[in-house]
Amino acid sequence: MERSSMEKEEPLLLNEVAAEETRQVLGRFHSSSVAEGDIQPIRNVGNFVNEFWIESKKLWYLAGPAIFTSICQYSLGAVTQLLAGHVGTIELAAISIENSVIAGFSFGVMLGMGSALETLCGQAYGAGQLDMLGVYMQRSWVILNATALLLCLLYVFAAPILKAIGQAEGIADAAGTFAIWMIPQLFAYSMNFPIAKFLQAQSKMIAMAVISTVALLLHTFFSWLLMLKLRWGMAGAAVVLNGSWWFIVVAQLVYIFSGTCGRAWSGFSWKAFQSLWGFVKLSLASAVMLCLEVWYYMALILFAGYLKNPEISVDALSICTNILGWAAMVAIGSNAATSVRVANELGAGHPRTAKFSVVVVVITSLMLGILLSLVLIVERKQYPSAFTNSEEVKKLVYKLTPLLAISIVVNNVQPVLSGVAIGAGWQAAVAYVNIGCYYLFGIPLGLILGYMLDMGVQGIWYGMLGGTLLQTFILFWMTYRTNWNKEASVAEDRIRMWGGDLRQDEEKQ
């Protein structure tokens with residue numbers, strides 16, 4: 001049976017091109033000599049420092065805009081929560097629950113499903129099939145918007161769902177009302193994440209950073225104006241947060257439609273509605289591992305709502321997770337830059353440089369994590385005042401700061417190791433690691449410490465941090481013990497098995 005025309009456009013065709021490149025790279029891996037242009041063996045400290053500086057400049061050229069974009073977009077919700085703390089404790093708790101649980105759940109699903117484009121658009125761009133980038137983005141829009149329609153039920157019934165799982169009635173009612181107001185943000189997610197992967201594949205990071213910066217500045221001003229100055233409270237928060245996310249979407253679409261992407265965007269196509277099921281499966285597979293991590297930290301906020309005096313616990317923990325999220329954006333941006341550097345150097349036949357770039361980003365992320373932690377420790381009596389006026393919340397944040405500092409250090413390194421594992425094709429293995437470390441070890445330990453041993457929110461966090469530390473150690477051990485030549489051979493076999501016959505497809509075209 002002959003393949004349909006649409007099947008010829010799918011990633012199977014692109015993977016065969018990648019297979020040939022992989023075979024060429026393998027030949028260089030197994031060569032005993034250092035490839036031309038590759039990093040030479042490092043023999044002394046001076047040589048290491050020099051190569052570290054050279055690689056750092058290359059990484060930060062990519063990581064800078066990626067980190068800045070991530071921080072700006074994450075800060076939209078964080079600024080809203082910060083100002084909500086000056087409106088009232090119930091408002092802060094309600095917005096924190098909606099932002100961390102309802103929107104956090106949806107964010108994980110949407111971001112994970114949209115991440116399927118990271119592979120597809122990257123392969124299409126590398127293979128020179130630029131026309132397919134726009135089709136893939138549109139196909140992802142169809143799937144993510146359909147998913148958003150289903151997730152609307154979560155927003156509409158947020159209040160009874162939160163009550164059913166034991167949240168305090170006052171917090172659940174306020175969070176449920178705010179969730180209904182935030183439905184437009186859900187559809188902004190479904191549009192934004194495919195756009196982001198589409199632009200990242202073409203290294204158009206500066207445009208994304210500029211748009212996100214403008215959005216954050218406008219968001220901060222109008223949030224202050226509507227929430228505090230005009231006293232609109234949660235209603236003002238919803239208006240501005242929805243508007244800010246849709247500003248990002250519309251601005252990026254104007255940038256794309258203006259012709260700046262060339263052949264990558266040739267207009268809307270009916271091909272977006274074809275071969276959807278295969279795309280759905282790929283999108284769901286990409287979502288599983290990411291969601292396991294996003295929901296893990298969402299559970300931290302959720303369990304805090306079951307403690308005595310839940311408003312204070314949720315408020316304090318939401319402040320800490322806000323800061324933790326800001327710090328995590330640095331690691332996520334660095335991880336994205338590392339993926340580009342590794343792919344570029346392997347494609348150029350420079351395996352030593354590719355490995356060295358991983359070393360550089362791990363060391364850099366660790367140093368940044370330590371620096372941020374020291375700042376928090378030094379300012380632990382002052383910074384809570386920026387988030388809340390409640391003295392009880394400030395005292396609890398002060399007690400949680402040492403845990404927050406440790407978490408920042410760990411979470412600055414963990415995403416890099418996860419990225420290395422994913423790049424090696426260990427998605428299924430890492431998913432099992434996440435389930436074991438997070439849900440079978442971290443959460444039960446946190447519940448035992450928090451409830452049975454009456455350690456409160458600190459006990460819950462001790463358990464969650466224990467799960468993250470265990471996962472980090474396992475990923476480090478997997479990376480350390482890996483035979484990379486063997487993994488490259490496995491990757492070549494996998495690509496050949498799923499890649500199809502390129503020459504046969506070209507003849508049929």
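Visitor: In this model, does Tyr189 count as buried or exposed?

Guide: The model is a predicted one. The cut-off for a buried residue is a relative accessible area under 20%. Tyr189 has 4% relative accessibility and therefore counts as buried.

Visitor: What is the geometry of the pair formed by the rings of Phe107 and Tyr189?

Guide: A pair of aromatic rings is described by the distance of the centres and the angle of the planes. For Phe107 and Tyr189 the centres are 5.4 Å apart and the planes stand at 85°. Planes over 60 degrees apart count as edge-to-face, so the pair of Phe107 and Tyr189 is edge-to-face.

Visitor: How many residues apart in sequence are the parts that this pair ties together?

Guide: Phe107 belongs to helix α4 (residues 89-114). Tyr189 belongs to helix α9 (residues 183-201), so the parts tied together are apart in sequence by 82 residues.

Visitor: Which class describes the aromatic pair of Phe257 and Trp265?

Guide: The ring centres of Phe257 and Trp265 are 5.2 Å apart, with 35° between the planes. Stacked requires under 30 degrees and edge-to-face over 60. The pair of Phe257 and Trp265 is tilted.

Visitor: How are helices α8 and α11 oriented to each other?

Guide: The axes of α8 (residues 169-181) and α11 (residues 234-260) come within 9 Å and cross at roughly 30°. Angles under 35 degrees count as roughly parallel. The two helices, α8 and α11, are therefore roughly parallel.

Note on methods: Residues numbered from 1 in each chain as written. Predicted model: local features only at pLDDT ≥ 70, side-chain atom pairs only at ≥ 80, totals over all residues. Heavy atoms only, no water. Axes fitted to C-alpha atoms, helices over the stretch in contact; angles between N-to-C directions. Helix = DSSP H or I, 4+ residues; strand = E, 2+ residues; numbered from the N terminus. Parallel < 35°, antiparallel > 145°, perpendicular 65-115°, else oblique. Phe/Tyr/Trp six-rings, centres within 6.5 Å; stacked < 30°, edge-to-face > 60°. Buried < 20%, exposed > 50% of the residue type's maximum accessible area, 1.4 Å probe, protein only.
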